[in-house]
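Let's walk through how two protein chains meet in this structure. Take a moment to look at the place where they touch, and then read on.

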Number of protein chains: 4
Amino acid sequence: MDRLLKHVDVLLKVTFINRKVMDEDMTIKIFVTGGTFDKEYNELTGELYFKDTHLSELLALGRCTLKVDITTLMMIDSLDMTEEHREIIAESCIKAKENRIIITHGTDTMVDTARALAEKIKDKTIVLTGAMIPYKFGSSDGLFNLGSALSFVQILPSGVYIAMNGRYFNWDNCRKNKKTGRFEKVRED
Amino acid sequence: MDRLLKHVDVLLKVTFINRKVMDEDMTIKIFVTGGTFDKEYNELTGELYFKDTHLSELLALGRCTLKVDITTLMMIDSLDMTEEHREIIAESCIKAKENRIIITHGTDTMVDTARALAEKIKDKTIVLTGAMIPYKFGSSDGLFNLGSALSFVQILPSGVYIAMNGRYFNWDNCRKNKKTGRFEKVRED
Amino acid sequence: MDRLLKHVDVLLKVTFINRKVMDEDMTIKIFVTGGTFDKEYNELTGELYFKDTHLSELLALGRCTLKVDITTLMMIDSLDMTEEHREIIAESCIKAKENRIIITHGTDTMVDTARALAEKIKDKTIVLTGAMIPYKFGSSDGLFNLGSALSFVQILPSGVYIAMNGRYFNWDNCRKNKKTGRFEKVRED
Amino acid sequence: MDRLLKHVDVLLKVTFINRKVMDEDMTIKIFVTGGTFDKEYNELTGELYFKDTHLSELLALGRCTLKVDITTLMMIDSLDMTEEHREIIAESCIKAKENRIIITHGTDTMVDTARALAEKIKDKTIVLTGAMIPYKFGSSDGLFNLGSALSFVQILPSGVYIAMNGRYFNWDNCRKNKKTGRFEKVRED
């Protein structure tokens, strides 16, 4: 077993070295779907609403030098997300030429969308992320989560993941705890 | 070669699965050394200075649920960092019971400290990170970098890395571009 | 007429000088009634709500050295403000030992409350103010408006005023323009 | 005496009514001279410096609807302000067609500049203001002070004043307390 682990470790480093060569020219695709992340306050009506995504602003704030390509697929509250919306997201992921994809998404149904994507896509690394507080409200976790999601998506093997609270979760072992607002595993592996 | 890569991929997934079991109880050690990250504005003198670290505040903002243990080793500008300081950091990393360590550090000599650590420590995953703008100045990249560093440190194999600008760099292939303020590779791998 | 104006100017200065003596020991009463000013974002429900007032925080941010005394009368959206609520505000103003009073209030019905107060109170300087964006959302006009209201209340003669957008308005010549979200005069004086 | 005070009060109200007619078309001149207010953090050198003034941004944030006209006279630390600089400011105030003028200024020598202006200008209302924390650093008192200065300048009679900490001070009875960073009277009136 020890020999195997050592073997794995060597292979792991080989893989990382190979991957780094690829990484250099790799573009990360970001699909925007809305969610708390991009909500704004309408000062005339006093209501929260969607205008434009703040992803570019966040990437600039993070002094991010990764190659990214941002496409807004929709701007909706994740409670309003239907199977048709998820179909659009899945199709977009499949058609994208990039193999590493981030999806910004409302937190309430993030796990449902992750599941829908995992059923259809096996050969790409897809990381869903979001925020508990709108970016525009100052005290947002969005910048932290984006830094985290961009890091995980560069390294994790193919699969569908959720990056929240500094962690990554496999799509099939994750839920949002409604009381705490934090993501957690459903069961220990 | 194809068979090897497939083999690697399987082993990689096995490793990730194994690692996940460990991750659950893993504590990440964070050593604070100062740097722009934690600088504050002294409104009486109009000068920048160090008071306390804002790491806990940043982790709370990111709604981070990882187990972390923060120790402030020093609070200095990285231009003032001597070999003695680096010795303290290295010793602290070696003595730490954790295998995954983040070091917050000024950006100007971050690469030098990474080199000093890499010479002495081979069996831990150490990620150095920092900020171009103090956290207290509102528009800081610190929260993004912390999210990124915490994610990389959970997954990268043993070694010393720098996490800045959404990327990770090996200690021996990284420099800060003084004109742009961005980190970059010294050579293509 | 010129002589009169000159006379007024002298008297005006005399008044200011007299007033200044009083000002030194003057406490300004602040009544909090809620409004956008103090709204917060509930990250578990995604809704805006009231918790505590941020007035003390704002005064600290402004390094305000005026003597103020803050009392929260209610924490409601101004669209929910009834005649009973206005009765409470008026009674509180009358009973207050201070002659200079600021009321934080939602903008939608601020003018209505000003009118209700003006009918009952003649001998105090009362300034209503509010915000278009919650203080907690970073880009709030609240701090500006508070600085403005605190300044106007120290100098304006007895009467009921609204301080918004850097201006003061008499209670009987003010409306909120629902399209622009700005306050304006109803007619030229 | 009572009759006199009542007389003054009536005249005061008449004056306010007259003034309001003028106010409507009044433009407030704002002269920018630098100071902490407009300092920024140079992320390449780690030093504080001046770029452009943020006055327009602050006025927009405050949803200010006053007519203002902003001119940048200089962008310097107030410790570097010489008699020549003060000459330029005084000349600019004299030549300005506006009678109500705000000057943004570093806090360290604000009182000195106020004195220099008071010696030369008797017939205008001039209010100097500044900030203890740069506007760009998030937690600035600048927005509060600007709201306050704009309010005082509309109402105070001719003279030179300092507006800081929510108060106004006559130029000849004001000093900055170096220990607390707050402005205070030199003597009771």
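Chain A brings 17 residues to the contact, and chain C brings 17 residues as well. In this predicted model, the area buried between chain A and chain C comes to about 1,400 Å². Carbon and sulfur atoms give 56% of that area.

Now let's see how the two copies are arranged. Chain A can be superposed on chain C by a rotation of 180° with 0.0 Å of shift along the axis, and the RMSD is 0.0 Å. The two copies are therefore related as by a two-fold rotation axis. To find that axis from chain A, look for Phe137(A): its C-alpha is the nearest in the chain, 1.9 Å from the axis. Both copies use the same surface, with 100% of the contact residues of chain A recurring in chain C.

What kinds of links cross the interface? Two salt bridges are found between chain A and chain C. In one of them, Arg182(A) pairs with Glu43(C), and their closest N and O atoms are 3.3 Å apart. Two residue pairs are also counted in polar contact between chain A and chain C, both at pLDDT 80 or more. Sorted by class, the side of chain A that touches chain C has seven nonpolar, five polar and five charged residues.

Technical notes: Residues numbered from 1 in each chain as written. Chains lettered and ligands numbered in written order. Predicted model: local features only at pLDDT ≥ 70, side-chain atom pairs only at ≥ 80, totals over all residues. Heavy atoms only, no water. Least-squares fit on C-alpha atoms with pLDDT ≥ 70 in both. Contact = heavy atoms within 4.5 Å. Buried area = accessible area lost by both parts, 1.4 Å probe. Salt bridge = Lys/Arg side-chain N within 4 Å of Asp/Glu carboxyl O. Polar contact = N/O pair within 3.5 Å; in protein donor to acceptor, adjacent residues only side chain to side chain. Nonpolar A, V, L, I, M, F, W, Y, C, P; charged D, E, K, R; others polar.
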